Amino acid sequence: MILTLAIAALALPLHAAERGPVTGLPLPRYVSLKASEGNVRRGPSLSHRIDWVYNRRGVPLQVTAEYGHWRRVRDRDGAGGWMHYTLLSGVRMVLVQEDMLALRRLPTPDATILARTEAGVIARLGKCKPDWCRISADGYKGWVPKTALWGVDPDEIRE
């Protein structure tokens with residue numbers, strides 16, 4: 001009996017994925033800015049000071065905490081603060097981090113190049129394999145190396 005429990009304990013992950021106390025969704029997780037403008041506050045209420053304003057619809061953000069109607073987010077640069085949940089969307093977007101990134105027909109380094117995109121472009125995230133993700137931006141779609149994107153975890157698989 002004790003041996004069975006010890007084996008079962010070893011089979012468990014070292015830590016279970018943390019869940020948000022409000023939504024029950026995983027923390028951290030990625031979201032995007034739904035509005036064309038969103039205030040980032042020092043704390044989770046309207047009475048807290050606005051530290052800055054995001055002004056790019058679709059910018060990917062990572063939710064790191066929840067408190068009532070507020071979500072603590074951080075961006076690619078690690079800057080963070082609290083935003084009201086109505087400003088955020090579950091639509092997955094990514095930020096291209098590599099200039100002149102090739103969008104390929106297939107998820108292989110030698111596949112035909114369909115288009116190229118500049119660093120800083122916000123793209124919609126599609127399927128992700130272990131090393132590649134399919135993105136779409138400005139009417140173009142293609143596969144890119146996952147390492148060239150911010151807004152997707154290295155081990156994330158999407159169907």
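Good morning. A102 touches I113, A115, R116, W143 and V144, leaving out residues up to four places away in sequence; contact here means heavy atoms within 4.5 Å. Before I continue, please note that this is a predicted model, in which local features need pLDDT of at least 70, side-chain atom pairs count only at pLDDT 80 or more, and totals for chains, interfaces and linings use all residues. Residues are numbered from 1 along each chain as its sequence is written, and side-chain values use heavy atoms, with hydrogens and water left out.

Let me stay with A102. This residue lies in strand 11, residues 101-104. Helices (H or I, at least four residues) and strands (E, at least two) are DSSP runs, numbered from the N terminus. Is A102 buried or exposed? A102 counts as buried, at 9% relative accessibility. The term buried means under 20% relative accessible area, exposed means over 50%, and partly exposed lies in between, with a 1.4 Å probe and protein chains only. A102 and L114 are 12 residues apart in sequence, and their C-alpha atoms are 7.4 Å apart in space.

One of the residues that A102 touches is V144, and I turn to that residue now. V144 belongs to strand 15, residues 140-145. V144 has a relative accessible area of 0%, and is therefore buried. Leaving aside neighbours within four places in sequence, V144 is in contact with L101, A102, L103, D131, W132, C133, I135 and L149. From C-alpha to C-alpha, V144 and R104 are 6.5 Å apart, although 40 residues separate them in sequence.

Now to the chain as a whole. The secondary structure of the protein chain comes to one helix and 16 strands. Of the 159 residues in the chain, 38% are buried. Among contacts between residues at least 6 apart in sequence, 51% join residues at least 24 apart.

Next, the nonpolar cores. A nonpolar core is a set of buried Ala, Val, Leu, Ile, Met, Phe, Trp, Tyr and Cys residues joined through side-chain atoms within 4.5 Å. Which residues of the largest core touch the most other members? Of its 16 residues, they are Y54, V59, L61, V73, M83 and L88. Strand 3 (29-33), strand 6 (60-67) and strand 10 (93-96) each supply at least two residues of this core. The largest share, three residues, comes from strand 3. Apart from this core lies another, of 15 residues, among them V96, L103, A137 and V144. As for Y54, its contacts, not counting residues up to four places away in sequence, are L33, S36, E37, G38, V40, V59, L61, D75, A79 and M83.

Two serines come next. S45 is found in the loop between strand 4 (38-41) and strand 5 (50-54). With a relative accessible area of 19%, S45 is buried. The side chain of S45 makes a polar contact with the side chain of S47, at 2.8 Å. A polar contact is a pair of N or O atoms within 3.5 Å; within protein, one must be able to donate a hydrogen and the other to accept it, and residues adjacent in sequence count only if both atoms are side-chain atoms. S89 has its place in strand 9, residues 88-89. S89 is also buried, with a relative accessible area of 15%. A polar atom of the S89 side chain lies 3.0 Å from the backbone nitrogen of V91.

I now come to the backbone. Most residues other than glycine have a negative phi, and most peptide bonds are trans. The peptide bond from L27 to P28 is cis, with omega near -10°. P28 lies in the loop between strand 2 (26-27) and strand 3. M100, in the loop between strand 10 and strand 11, has a positive phi, near 55°. At 41% relative accessibility, M100 counts as partly exposed. D138 is in the loop between strand 14 (132-137) and strand 15, and its phi is also positive, near 50°. D138 counts as exposed, at 72% relative accessibility.

Finally, which residues line the largest pocket? They are L25, P26, P28, R29, Y30, R92, D153 and E156. This lining divides into four nonpolar, no polar and four charged residues. Thank you.

Notes
On a 1 Å grid over the protein atoms alone, a cavity is a set of points where a 1.4 Å probe fits but cannot get out, and a pocket is an open set with protein on both sides within 12 Å along at least five of seven lines; lining residues have an atom within 4 Å of a point. Ala, Val, Leu, Ile, Met, Phe, Trp, Tyr, Cys and Pro count as nonpolar, Asp, Glu, Lys and Arg as charged, and the others, Gly among them, as polar.
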